[in-house]
Amino acid sequence: MSDEHEAAGPQPEPIRFFGTTWVEHDGGYALRRAGVAVGALAAAAAGAFVLRFGYEGLAVAEVGNLVNMLVVVAFAVCSALAFRRTWEGFQRRPDPAADPAAEKSMRSILMIGFIGSLLAYFFRALREAPGERLHREEYEEARTRYDRRRTTRTGNPAARKKKRKS
């Protein structure tokens, strides 16, 4: 019977790499956070290393200073946009009324600026599980609404007798 009681009400939404360990900070939560931070930083460093090879390829091809500068600026801008977009995603849900075409075109910018997204994961994991604050606020609000609904009920409404009009 205790399993039914625990399953009643809203359940916490799992976070990637953390499941629901973010609720009570148990189940290796601190180790997972450290792993996400180290993993994101290592992936960002590996990505920068790969981009360096691409840049050296441009230098070998002797495409010119203008093209080299445009490539560097493009990756820097895309990384900054990806960082901002990822960081904001940890704080609020995406707007459901957003234009799907704009979202689709933004995906390519996020892929180009993957280093920015990885750095956002790294910095957020230093403080909490990425997206934990948003999930916690939503979960606590849902629990409060659920508890309020459960405590305002006073018995079975079907068992109440109707008053007759005289």
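Select α5 and colour its buried residues: Ile115, Gly116, Ser117, Ala120, Phe122, Arg124 and Ala125. The model is a predicted one.

Stay on the helix and check its length. With 14 residues at 1.5 Å a residue, α5 should span 20 Å, and the distance of 21 Å between its end C-alpha atoms therefore agrees.

Next, pick Phe122, one of the buried residues of α5. Beyond its neighbours within four places in sequence, Phe122 is in contact with Ala37, Ala40 and Leu41.

Now widen the selection to the largest nonpolar core. What are its 12 residues? They are Ile15, Phe18, Trp22, Val23, Tyr29, Val36, Ala37, Ala40, Phe122, Ala125, Ala129 and Tyr139. In soluble globular proteins, nonpolar side chains tend to be buried together.

Then turn to the largest pocket, which holds about 980 Å³ of space. To centre the view there, select Arg85, Thr86, Gly89, Phe90 and Pro94, the closest to the pocket's centre of the 32 residues that line it.

Show the helices around the largest pocket: α2 (29-61), α3 (65-89), α4 (100-112), α5 (114-127) and α6 (132-152) each supply at least two lining residues. Which of the elements gives the most to this lining? It is α3, with 6 residues.

Last, colour the lining of the largest pocket by class: 16 residues are nonpolar, 6 polar and 10 charged.

Terms used. Residues are numbered from 1 along each chain as its sequence is written. This is a predicted model: local features need pLDDT of at least 70, side-chain atom pairs count only at pLDDT 80 or more; totals for chains, interfaces and linings use all residues. Side-chain values use heavy atoms; hydrogens and water are left out. On a 1 Å grid over the protein atoms alone, a cavity is a set of points where a 1.4 Å probe fits but cannot get out, and a pocket is an open set with protein on both sides within 12 Å along at least five of seven lines; lining residues have an atom within 4 Å of a point. Grid points are joined across faces, edges and corners, and a volume is the space filled by probe spheres set on the points. Helices (H or I, at least four residues) and strands (E, at least two) are DSSP runs, numbered from the N terminus. Ala, Val, Leu, Ile, Met, Phe, Trp, Tyr, Cys and Pro count as nonpolar, Asp, Glu, Lys and Arg as charged, and the others, Gly among them, as polar. The expected span of a helix is 1.5 Å times one less than its number of residues. Buried means under 20% relative accessible area, exposed over 50%, partly exposed in between (1.4 Å probe, protein chains only). A nonpolar core is a set of buried Ala, Val, Leu, Ile, Met, Phe, Trp, Tyr and Cys residues joined through side-chain atoms within 4.5 Å. Contact means heavy atoms within 4.5 Å.
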